[in-house]
Amino acid sequence: MGKYEELAKKIVKEVGGKDNIASLTHCITRLRFRLKDETKAQDEVLKKMDGVVTVMKSGGQYQVVIGNHVPYVYEEVCQAAGISSEGEAAADAGNKKLFDKLIDTISGCFQPFLGILSAGGIIKGICALLVFLGVFTTTSGTYAMLNAIGDSVFQFMPIIIGFTAAGKFNVNRMTGMALGAALCYPGIQLSALSGGDVLGVLFEGSVFRSAYYLKAFGVPWVANNYLSSVIPVIIVVWFASYVQKFAKKVIPEMLQNFFVPFVVMLVSMVTGFLVIGPVISILTSFLNSGFSALFTASPILFGILTGFFWQVLVIFGLHWALIPLAFIQLAELGYINVLSGMYGASFAQTACVLAMYFKLKDKKIKSLCIPAVVSGICGVTEPAIYGITLPKKLPFIYSMIGGAVGGAIMTTMNAASYTMGGLGIFGVVNYINTATGDASGMVTSFICIAVSSLVGFLLTFFFWSDKETPEEDNGGSDASAGTKESPAKLLPIEVLSPVEGDIVPLENLEDAAFSSGTLGKGIAVKPSKGVVVSPADGVISAFFHTKHALGIKADNGLEILIHVGMDTTRLEGEGFIAKAEQGQRVKKGQVLLEFDMNFINSKGYSLVTPVLITNLREQDGMILWKEKKVTTEDCLIGIERAAANGEDLTY
């Protein structure tokens, strides 16, 4: 059961059940329902529910205030109510840069079936291992059955991605599957057609030379092998989304159920087979040639760079850009070496956490180490990265070095994987050649694990030390300083004003979620300029797609929420221009957002901007700006954070 699954089910029940929900979106702190009948919603029950801050009604929306973790609750509510979140995802994607859209699309197409992808890879790997151990042969029925079970997800990848890509591009999912199935049709694969006579050659004498075996509608049809492919189906479904929009405009509504899929399939696949497929085939050949040349020029350098930067790519989600290249290699070459250099990175990360376990003084962080080690061995390193090594910085760098050493080993010894899916220790079987039974790649992977882990562990154990919590200077007269009985220190923290304007106390705001302080403590500013700057150094932890609100995880340990205006989420981003993005590191005073004050006021919305600290503790003291006006150079909120019981407050 998911962390918020039970809460989500209760919310759906108390708003009147899934049949009472007309639509659902969310902003940075609250679920925004449109209910068919608001009288069916149990306001008081929801308000008293653990995990719900309060309930509000505004502009035809039934708002259940959750807090900063609302995206997770939203996903669970969508599941519980059978609501698709694709509409919001598409709106969110519309505000991203081109490269961000590409990465988001690729990751969005793969993430829904990572579980079965991993399962298929493990089954294929175990099958290869059993052949290597002599348990059965590649001609046995047992091998044929197990290999078919494991390989099916790879062979028919276009059908699965057709389904997931349809969700990303708002195409009918059954149509997306049908488009993928057309690409998998046995008779049109290059491997099937190449046994026949060549009808002609296009671009003879050039690097674009392409033989063809058939003509369609009088046009040469350059065939390709689409089984196990990734990119062609994504682009075909993307193209189909525009065909679908056009078809829905011109076809009468009463005929759309049959004729929209007819037009989409016919136009999309003819274009896909005659244009999209051949163009992608040429581009992927260039891409493979480039990687092969780079790999041939210096395998060691290639492996070092892949291993060193892999975890950084994972943090920013950029590793998804390499996944399609891996599938291209697997489909065309039967093996993958573009990702071999990254294999040791997760083990180096895991070993660094193990070394930290022996040196950490903070019992809370130390208690997280063993679960993170177990998770890391299985190939899931997010708990280790985000919870342990990255905040301490040096151990994360040491893990990168360990990953680089492992990458050099894998590429120097020409290790290649013959399937994908198995992660962590389960990934060693990926390096067994399923055709020949050669297990030398698996042996290399074990060497990589051992060396990467050893490098990460030794560097962390001998060159990193956990900082002692400095004791309060009492002139040596108070022997109890820094003990459990008294605070070790007071850490003063400043939060500058993110906007310039007039001070408004929170209790004066009409929105009860802010005025009551349930979303966080702080103060509000009525802006005199339409600019939001960063109030502290840190990372943007949340930036909602309507751009009216954002959250900052500051280096000083505070979590800051900036919400421009009251109910301005309903503007759907109009009047706002984002100057930064979620996940971006920002500096104090850096411009994060610009907004058109005249436009927003003309729409009838208040611009009063609450600035809240959402992780304030009971023992923390807060000092608010006393003057009537404030600039972005003034300390809007001051926090005196108390450290006790040996707590480390060194940020």
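Guide: We start with the strands, then turn to the cores and a surface patch. This is a predicted model, where local features need pLDDT of at least 70, side-chain atom pairs count only at pLDDT 80 or more, and totals for chains, interfaces and linings use all residues. Residues are numbered from 1 along each chain as its sequence is written, and side-chain values use heavy atoms, with hydrogens and water left out.

Strands of a sheet pair through backbone hydrogen bonds, either parallel or antiparallel. Here, strands are DSSP runs of E with at least two residues, and helices are runs of H or I with at least four, numbered from the N terminus. Two strands pair if DSSP finds at least two bridges between them.

Take the open sheet of eight strands. Its order is β17-β13-β14-β15-β19-β11-β10-β21, and the pairing is antiparallel. β17 (585-586) and β21 (629-630) stand at the edges. Each has a single partner strand, so one side of each lacks a neighbour in the sheet. Look at β21 and its partner. Strand β10 (residues 501-504) runs antiparallel to β21, and two bridges join them. Asp-502 has Lys-629 in β21 as its bridge partner.

Now the open sheet of three strands. The order is β12-β18-β16, again with antiparallel pairing. β12 (531-533) and β16 (576-578) are the edge strands, each pairing on one side only. Neighbouring strands of this sheet are turned by 20° against each other on average, direction ignored; the axes are lines fitted to C-alpha atoms, and angles run from 0 to 180 degrees between N-to-C directions. Three bridges link β16 to strand β18 (residues 591-595) in the antiparallel sense. Ala-578 has Leu-593 in β18 as its bridge partner.

Next, the cores. A nonpolar core is a set of buried Ala, Val, Leu, Ile, Met, Phe, Trp, Tyr and Cys residues joined through side-chain atoms within 4.5 Å. Buried means under 20% relative accessible area (1.4 Å probe, protein chains only). The largest nonpolar core has 50 residues. Among the members that touch the most others are Phe-110, Phe-154 and Met-157. A second, separate core of 34 residues includes Phe-595 and Ile-613.

Last, the surface. A nonpolar patch of about 870 Å² includes Leu-354, Phe-358 and Leu-454. Patch residues have over 30% relative accessible area and no salt bridge, with nonpolar side chains joined within 5 Å. A salt bridge is a side-chain nitrogen of Lys or Arg within 4 Å of a carboxyl oxygen of Asp or Glu. Helix α19 gives the largest share of the patch, five residues. Leu-454 is found in α19.

Technical notes
Patch = residues over 30% accessible without salt bridge, like charges linked within 9 Å, V, L, I, M, F, W, Y side chains within 5 Å. Areas by Shrake-Rupley, 256 points an atom, 1.4 Å probe, with all protein chains shown as cover.
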